[in-house]
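The report that follows describes a protein model and its ligand, moving from the ligand's surroundings to the fold and then to single residues.

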Amino acid sequence: MRLTLKVWRQKDAKSAGHFVTYDAPHVDPNMSFLEMLDVVNEGLIAQGEEPIAFDSDCREGICGTCGMVINGIAHGGLRGTTACQLHMRHFEDNQTITIEPWRARAFPVIKDLVVDRGAFDRIIQAGGFVSVNTGGTPDANTLPISKTDSDEAMDAAACIGCGACVAACKNASAMLFVSAKISHLGILPQGKPERDRRALNMVQAMDAEGFGNCTVTGSCEAVCPKEISLDFIARMNREFGRAALE
Ligand code: SF4
Ligand code: FES
């Protein structure tokens, strides 16, 4: 495959960015999107140019590190798929592909396609945990959990914190992410004692970081590589409302 790439290049957080066009003449359809960028970077390094900076770690869709807007869609638009799991066979030969970083005030660009997602870490620090004394693993039978609850908690826990929901939202809302984190703990008995404090503190931290509000367009759910449901946002609103009243 031969591709034309229009890539956002930005030296650092303070510099203005711009698109640069690259020719990628030897792309194997079986490469992942990030492997394709690796090959482009090898060519740039060979020519003495600065490689394109992008984030990645696991490259198997579980760490949430990778993330870029590909042809205007966070993670590239293949349902339930991260950028690292997107393969070049889903593109056309001679296609032009535009690649940009997440765009949100709370995710400032560090360099090229790399953004600072520390805001998510600070939201988790505000309440995304269960305070218990650690020790030996308790016998599973000592704390029965219904199948419905365990399934729902596991669905929420699938969130990998990639930030695509924020990038896709016109308000840069982080509510899908925060609702998943509040729900996967609050549904289980171990997380219930702190559920009120968790909901209040995490929502407050989310607002303080500058994320916008949800207007239920569903763009977050559409791009989420773990297909986190909008239902969790409704659940978080109920959780927050009850905690605020109490
Ligand atoms: S809710 Fe989905 S899109 Fe948002 S951070 Fe979690 S996995 Fe990524
Ligand atoms: S690199 Fe880990 S999810 Fe993509």
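## Terms for the ligand shell

In sorting residues by class, Ala, Val, Leu, Ile, Met, Phe, Trp, Tyr, Cys and Pro count as nonpolar, Asp, Glu, Lys and Arg as charged, and the others, Gly among them, as polar. By that division the shell around ligand 1 holds 10 nonpolar and 2 polar residues, with no charged residues. The model is a predicted one.

The shell around ligand 1 includes the run Cys159, Ile160, Gly161, Cys162, Gly163, Ala164 and Cys165.

## Cavities

Across the whole structure, a search finds 3 cavities of 30 Å³ or more. The largest cavity, which holds about 100 Å³ of space, is the space taken by ligand 1. Its lining consists of 15 residues, and Cys159, Cys162, Cys165, Cys224 and Ile228 are those that lie nearest the centre of the largest cavity. H4 and H5 are the elements that give two or more residues to this lining, and H5 supplies the largest share, 3 residues. By class, the lining of the largest cavity divides into 12 nonpolar, 2 polar and 1 charged.

The second largest cavity has a volume of about 90 Å³ and is likewise lined by 15 residues, of which Cys169, Ser173, Cys214, Thr217 and Cys220 lie nearest its centre. Here the elements that contribute two or more residues are H5 and helix H7 (219–223). The lining of the second largest cavity divides into 10 nonpolar and 5 polar residues, with no charged residues.

## Overall architecture

The protein contains 8 helices and 7 strands, and its C-alpha trace spans about 60 × 40 × 35 Å along the principal axes. Of the 246 residues in the protein, 43% are buried. Among contacts with a separation of 6 or more, 70% are between residues 24 or more positions apart.

Helix H2 (residues 118–127) has Gly118, Ala119, Phe120, Ile123 and Gly127 among its residues, and these five are buried. The elements that cover the buried residues of H2 include H4, H5 and helix H6 (195–208).

Ser179 belongs to helix H5, and because its relative accessibility is 0%, Ser179 counts as buried. With neighbours within four places in sequence left aside, Ser179 is in contact with Phe232, Ile233 and Met236.

Arg235 lies in helix H8 (residues 231–245). Beyond four places in sequence, Arg235 touches Glu152, Ser183, Gly186 and Ile187.

## Loop residues

Pro25 lies in the loop between strand S2 (18–24) and helix H1 (33–46), where a relative accessibility of 31% makes Pro25 partly exposed. Pro25 touches Met1 and Arg2, residues up to four places away in sequence not being counted. The C-alpha atoms of Pro25 and Val40, which stand 15 residues apart along the chain, are separated by 9.3 Å.

Most residues other than glycine have a negative phi, and most peptide bonds are trans. Asn94 has a positive phi, near 70 degrees, and lies in the loop between strand S4 (73–74) and strand S5 (96–100). Phi of Ala172 is also positive, near 50 degrees, and Ala172 is placed in the loop between H4 and H5. Asn94 counts as exposed because its relative accessibility is 56%, whereas Ala172 is buried, with a relative accessible area of 12%.

Notes:
Residues are numbered from 1 along each chain as its sequence is written. Chains are lettered from A and ligands numbered from 1 in the order in which they are written. This is a predicted model: local features need pLDDT of at least 70, side-chain atom pairs count only at pLDDT 80 or more; totals for chains, interfaces and linings use all residues. Side-chain values use heavy atoms; hydrogens and water are left out. A residue is near a molecule or strand if one of its heavy atoms lies within 4 Å of it. On a 1 Å grid over the protein atoms alone, a cavity is a set of points where a 1.4 Å probe fits but cannot get out, and a pocket is an open set with protein on both sides within 12 Å along at least five of seven lines; lining residues have an atom within 4 Å of a point. A molecule sits in a cavity or pocket if more than half of its atoms lie within 2 Å of its grid points. Helices (H or I, at least four residues) and strands (E, at least two) are DSSP runs, numbered from the N terminus. Contact means heavy atoms within 4.5 Å. Grid points are joined across faces, edges and corners, and a volume is the space filled by probe spheres set on the points. Buried means under 20% relative accessible area, exposed over 50%, partly exposed in between (1.4 Å probe, protein chains only).
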